[in-house]
Amino acid sequence: MNPSDRKYTKEHEWVKVEGDIGTCGITHHAQELLTDIVFVELPAIGKKVEQMKSACVVESVKSVSDVYAPMGGEVVETNKTLEGDPGKVNRDPFEEGWIFKIKLTNPPEYDTLMTADRYEAYLKTASH
Amino acid sequence: MKQTPLDRIHRSLNGRMVEFGGWEMPVQYTNLLEEHHAVRKRAGLFDVSHMGEFEVSGRGAFDLIQKVITKDISKMEPGKMVLGVMCTEQGGIIDDLTVYKFSPLPNGDERYWIVVNAGTKDKDLTWIQGVRDREFPDVIISDLTDGIAKLDLQGPLSLEILKKLTKDDLSRLTFYTFMETFLLDSPCVVSQSGYTGEYGFEIYCASRSAEKIWNEILKKGAPWGLLPCGLGARDTLRTEAGMMLYGNDIDETTTPFESVYSFVVSLEKEFIGKQSLIMQKDLNFLPKKICGFEMVDRGIARHLYEVYDSSSDEQASPIGWVTSGTPSPTLEKNIGMAYVPMVYTKPGTEFYIKIRDTRVKARVIKLPFYKRPL
């Protein structure tokens, strides 16, 4: 269920790297935990983010949750369509529901993240 | 943490359980928004057995209740309920509650129920018992909470569903009246009231009957689109209706006049806190007043977010704080309530809510946000 063309964080974000650009979002599991996402506060273009520091925020009716940057870099693009339709993150978290793209400053950080297989094992052990 | 008599059912329905007021309660079952809309358009069933019920009877019961709540109950007939608040001597709200007046006992003594919030139940009981001990020693106060389950059936189709469980004519229950009846074969108290702004009933039954009644309402309601609903939908529904949540919108640092509860204060009778409230009224000035607002720009206000007069003045202090804030599923906008100085409470007034690092524009609108169509 979690695509194998990308890697995952313990906080349930994913990053898909193409060249020096990483596309980031939250996982299916994360959107399930959050339930109805009603608001996505996109990061500003040009914002510098550090690995596993808050990059932006998603809100459900009852909760506010940080989205951590899976890798460090500078935000170069955001998914503006989420402003009008935040529910995309629930419906299609891995494709249409991507949240932001970063120009990576430290590509080896990718090695610190979990593969899809390891992330699935992590979900099981984390007793979710 | 305490569990309600319906705990097993919540788990079988995949309820997402959270702590609330010392109880383990379902915040939602499948989908908060669907649960919310079910109540507005059809019907929803809530387990609110965490709420507290005290029975007050014996000689002086009437006088005790008159003394501890702000609302005058002298003209109250059996079968009626009222909304009121209990205040400290300083006028701070100890709790908001409802009082049910039953028919007198065979010996002529009056009999009441006081229904209170879960998180304040112990404090409330101590307070009422304290007044009893000092002034009305013959009054008997019994905490019925552990033996009673409370189910709220809310929504326009509530009557159609609930009437299938009883021979009595529930349609003659007007707003804020109740009857003692049998649902299935279990004795219950049923009032036409609730905490959603929608037509509906609050149902009190013995804990051991709760599963049976819950299941039957779900079964009879399913063809009508009834859903079991959690505390999440209860909160969005009550916020739309401009109803107070104790601990968020009101507490002992707020008075009835500062909140929406001016209408439950009867200054023509004696009660605890009256002198302070008269002073506040005579001054014709409130240090803060609750108001409703809608977000003008993008953002969701949340409990305790700060309110500012200006979008830009970084040095300025906040003028108030948000007490409740949520997306409104019915009105499809982001709404909230806040305490602000009185001059900011006029509808149309604009102020700014600090959401993380940004001040986002909001506009005062009249409470309640939502009124059900008649």
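The legends below describe close-up views of a predicted model.

Local features are given at pLDDT of at least 70 and side-chain atom pairs at pLDDT 80 or more, while totals for chains, interfaces and linings use all residues. Residues are numbered from 1 along each chain as its sequence is written, chains are lettered from A and ligands numbered from 1 in the order in which they are written, and side-chain values use heavy atoms, with hydrogens and water left out.

**View 1. The contact between chain A and chain B.** Chain A contributes 16 residues and chain B 17 residues, contact being taken as heavy atoms within 4.5 Å. The size of an interface is often given as the accessible area lost when the parts come together. Here the two chains bury about 1,400 Å² between them, 47% of it on carbon and sulfur atoms; buried area is the accessible area (1.4 Å probe) that two parts lose on being put together, summed over both. Of the area that chain A buries against chain B, 41% is supplied by A:Phe39, A:Val61 and A:Lys62, more than by any other three residues.

**View 2. Polar and charged pairing across the two chains.** Five salt bridges are counted between chain A and chain B, a salt bridge being a side-chain nitrogen of Lys or Arg within 4 Å of a carboxyl oxygen of Asp or Glu. One of them joins A:Glu59 to B:Arg356, with 2.9 Å between the closest N and O atoms. On the side of chain A that touches chain B, α1 (28–34), β4 (37–41) and β6 (54–60) of chain A each supply at least two residues; helices (H or I, at least four residues) and strands (E, at least two) are DSSP runs, numbered from the N terminus. The largest share of that side, four residues, comes from β4(A). Its residues divide into seven nonpolar, three polar and six charged, where Ala, Val, Leu, Ile, Met, Phe, Trp, Tyr, Cys and Pro count as nonpolar, Asp, Glu, Lys and Arg as charged, and the others, Gly among them, as polar.

**View 3. Aromatic pairs.** Over all chains, 14 aromatic pairs are found. Rings of Phe, Tyr and Trp (its six-membered ring) pair if their centres lie within 6.5 Å; planes under 30 degrees apart count as stacked, over 60 as edge-to-face and the rest as tilted. B:Phe175 and B:Tyr176 form a tilted pair, 4.8 Å centre to centre with 45° between the planes. B:Phe175 is exposed at 56% relative accessible area, whereas B:Tyr176 is buried at 17%; buried means under 20% relative accessible area, exposed over 50%, partly exposed in between (1.4 Å probe, protein chains only). The rings of B:Phe293 and B:Phe351 have centres 5.9 Å apart and planes at 75°, so this pair is edge-to-face. B:Phe293 lies in β15 (residues 289–295) and B:Phe351 in β19 (residues 350–355) of chain B, so the pair ties together parts 58 residues apart in sequence. B:Phe293 is buried at 0% relative accessibility, and B:Phe351 is buried at 0%. In chain A, A:Tyr8, A:Trp14, A:Phe94, A:Tyr119 and A:Tyr122 form one aromatic cluster.

**View 4. The salt bridge of A:Glu95 and A:Arg6.** The count of salt bridges over all chains is 46. The side chains of A:Glu95 and A:Arg6 meet at 3.1 Å, N to O. A:Glu95 lies in the loop between α3 (88–91) and β9 (100–104) of chain A and A:Arg6 in the segment before β1 (7–8), so the pair ties together parts 89 residues apart in sequence. A:Glu95 is partly exposed at 42% relative accessible area, whereas A:Arg6 is buried at 2%.

**View 5. Salt bridges within chain B.** B:Asp138 pairs with B:Arg59, the closest N and O atoms being 2.2 Å apart. B:Asp138 is partly exposed at 38% relative accessibility, and B:Arg59 is exposed at 63%. B:Glu350 forms a salt bridge with B:Lys361, with 3.5 Å between the closest N and O atoms. B:Glu350 lies in β19 and B:Lys361 in β20 (residues 358–365) of chain B, so the pair ties together parts eleven residues apart in sequence. B:Glu294, B:Lys333, B:Glu350, B:Lys361 and B:Arg363 are linked in a network of salt bridges.

Terms used: Polar contact = N/O pair within 3.5 Å; in protein donor to acceptor, adjacent residues only side chain to side chain.
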